[in-house]
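Dear colleague,

Here is the structure I said I would pass on.

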Amino acid sequence: MSDSATLHYQGKDLVFPVITGTENESAMDISLLRKSTGLVTMDYGYQNTGSTRSKITFVDGANGILRYRGYNIEDLAANAMFPETAWLLIYGELPSADQLQKFRQMLTENALIHENLLNFFREMPPSAHPMGILSSIVNALGLFTPRFYDDENKAEAFNFTVANLISKVRTVAAFSYKASIGEPFVYPDAEKSYCANFLNMMFSSKAKPYNVDPLMVQALNTLLIVHADHEQNCSTSTVRMVGSSQASLYASVCAGICALWGPLHGGANQAALETLMQVQQSGMSVKTVMERAKDKNDPFKLSGFGHRVYKSYDPRAKVLKGLVHTFFNKGSLNDPLMEIASELEEAALKDDYFIERKLYPNVDFYSGILYHAMGIPTNMLTVMFAIGRLPGWIAHWKEMHDDPESKINRPRQIYTGHTERPWIKLADRV
Ligand code: ACO
C-alpha cells in the first residue's frame, strides 16, 4: 500500500503522507495543506474527515464489526458486566479481579447525590425533559466535586471523577424519573449491582415493593454495553471538542449529553419505538407499512432501519435481537410490539427496496422494544443511551488529554457573506 498521496494544484505536485491504522484504514494527512497551498479542505458534517488517531473502538460498517479495545461486541455482550466494559474502554485493558473489585467499591461509595442537589429535581417542572435535567446536574456535579481540579494528584482525581460520574449518572436518571411522576426518591442500595441498583431506584416504592428480575438486569447490562462507545459520533466528537479547550470532564460530558439529546442522534431510539407504537395503534398491516416506508411522497418513516455507517446488519442490533428472542421465548418479555417488530424485520429483509439500499434493523430497533418491555418510559430512552455512552465519552476525553499531539479543536470555513460595506445610520435603514 502507498504511504503517500499526491495532489496536483496550480502546476505543482504536492505529496502528503498517508497514515494507516491497525485495521488498514487509511487517511491522507493534510495538516500541512494550508501552509503549503493556502487551501483548506471542505467537508460538511465531517463525513470524510478523520479528527484523531484512536485506540478505543473499531467499527467496520461494511462487514458489521464493532470492537472495543479489540474485543468483539458479541463477546463483551455475552460475558462482560457494564462496569468491566467501562473500565476496558477508559483504561485500555480488561480489569484484573482486584481492579474490578476496587472500581465497584468506588461506584458504590459515589452513588449518592449531595442533598443540596436534590432541590434541583424538586424545583423542576414535572414536564422537564429528563435529558435537560441530566445534562444540568452533570455540569453541577463538577461544582460539588472540586477534587477534579487537584493538579497534584491528577491520575487519582481522574479515577475519582470516572467513578463519580458513572455512578451518579444512574442515580440522577432514576431521581429525575421519580421527580417527574411525583414519587419520593429511592436511594441507592450498596448491596445491589450497578444495573440492579438502577432498576430498584426507578421502580421500587413504599407502596409497591419491586423485586429486581435477574433477566431484566441482564437485559439492561447488555443494552448499556452495546451503547458504550461508537467512535467519533456526534456526541463523542462534542466531548472531544469541548474537552480540547481543557474544559473539565464534567463540562465536556454535559456537552456530550446535550449533543446526544437531538432527534438525529440519541433521540432516534425514541423515534424507532414510536414508529412501532404508531403501527400498533393504527392497526396498519405489515404490507401497508412497507409500502408507506418506500413511498417518497409519504412522510411516514420506518425508523429503526438503515444506518449511516453499517451497510450490513448492525452487530449491536444482532446482539439485542438475540436477547429479545431469548426473553420472549422464556415469557419474560411479553410485549405485542415484539411481534410487530419481528414481522417488519422479516418483510424488510426480503424486500428488494431494503436489500438494494442495504437497510437493516439498527440498534435502536431492538433497544426501544427492550426498554419498553422493562417499563422504562419513552422519554427516558435517550437518558438510557447516555448512561451507556458515558464510559465511551470518558475514554475519548482521556485519550485526547493523554495524546501529546492534541490541539484545541478549531475547524476552518470558507466565508460566503458580504464583502466590506459601509456602516448605515439607524435613521437611514429601510
Ligand atoms: N425506511 C425507508 N427508506 C429508507 C430508510 C428507512 N428507514 N432509511 C434510508 N432509506 C432510503 C432513503 O430514502 C434513500 O433512498 P434513495 O436512495 O431512493 O433516495 C436510501 O435508503 C439511502 O438513505 P440515506 O438516508 O441516504 O442513507 P444514510 O446512510 O445517509 O442514512 C439513516 C442513514 C439516516 C440512519 C437513515 O437510514 C434513516 O433515516 N433511518 C431511519 C432513522 C433511524 O433509524 N435512525 C437511527 C440510526 S441508528 C443510531 O443513530 C444509533
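The notes below cover the strands, then the helices, then one arginine.

This is a predicted model, in which local features need pLDDT of at least 70 and side-chain atom pairs count only at pLDDT 80 or more, while totals for chains, interfaces and linings use all residues. Residues are numbered from 1 along each chain as its sequence is written, and side-chain values use heavy atoms, with hydrogens and water left out.

Strands. Helices (H or I, at least four residues) and strands (E, at least two) are DSSP runs, numbered from the N terminus. Two strands pair if DSSP finds at least two bridges between them. Three strands form an open sheet with antiparallel pairing, in the order S1-S2-S3. Its edge strands, each pairing on one side only, are S1 (4-9) and S3 (26-28). On average, and ignoring direction, neighbouring strands of this sheet are turned by 30 degrees against each other. Six bridges join S1 to S2 (residues 12-20) in the antiparallel sense; Ser4 has Pro17 in S2 as its bridge partner.

S4 (residues 57-60) pairs with S5 (residues 65-68) over four bridges, also antiparallel. Phe58 has Arg67 in S5 as its bridge partner. The hairpin of S4 and S5 has four residues between the strands, and Gly64 takes a positive phi near 65 degrees there. From S4, Thr57 and Val59 point one way and Phe58 and Asp60 the other; all are buried (under 20% relative accessible area, 1.4 Å probe, protein chains only).

Helices. H6 (residues 130-144) and H11 (residues 249-261) pack at about 170 degrees, with axes 8 Å apart; axes are lines fitted to C-alpha atoms over the stretch in contact, and angles run from 0 to 180 degrees between N-to-C directions. H6 and H11 are therefore roughly antiparallel (over 145 degrees). The residues of this contact divide into twelve nonpolar, four polar and no charged, with Gly counted as polar, and Cys and Tyr as nonpolar.

In H13 (residues 286-294), the buried residues are Val289, Met290 and Ala293. Seen down the axis of H13, they fall within an arc of 95 degrees, so they line one face of the helix; the arc is that of the directions from the axis to the C-beta atoms. Their cover includes H12 (268-282), H15 (336-350) and H16 (352-356).

Arg316. This residue is in H14 (residues 315-330) and is buried, with a relative accessible area of 3%. Leaving aside neighbours within four places in sequence, Arg316 is in contact (heavy atoms within 4.5 Å) with Leu66, Val226, His230, His307, Tyr310, Val363 and Arg389.

Regards

Methods. Buried < 20%, exposed > 50% of the residue type's maximum accessible area, 1.4 Å probe, protein only. Parallel < 35°, antiparallel > 145°, perpendicular 65-115°, else oblique.
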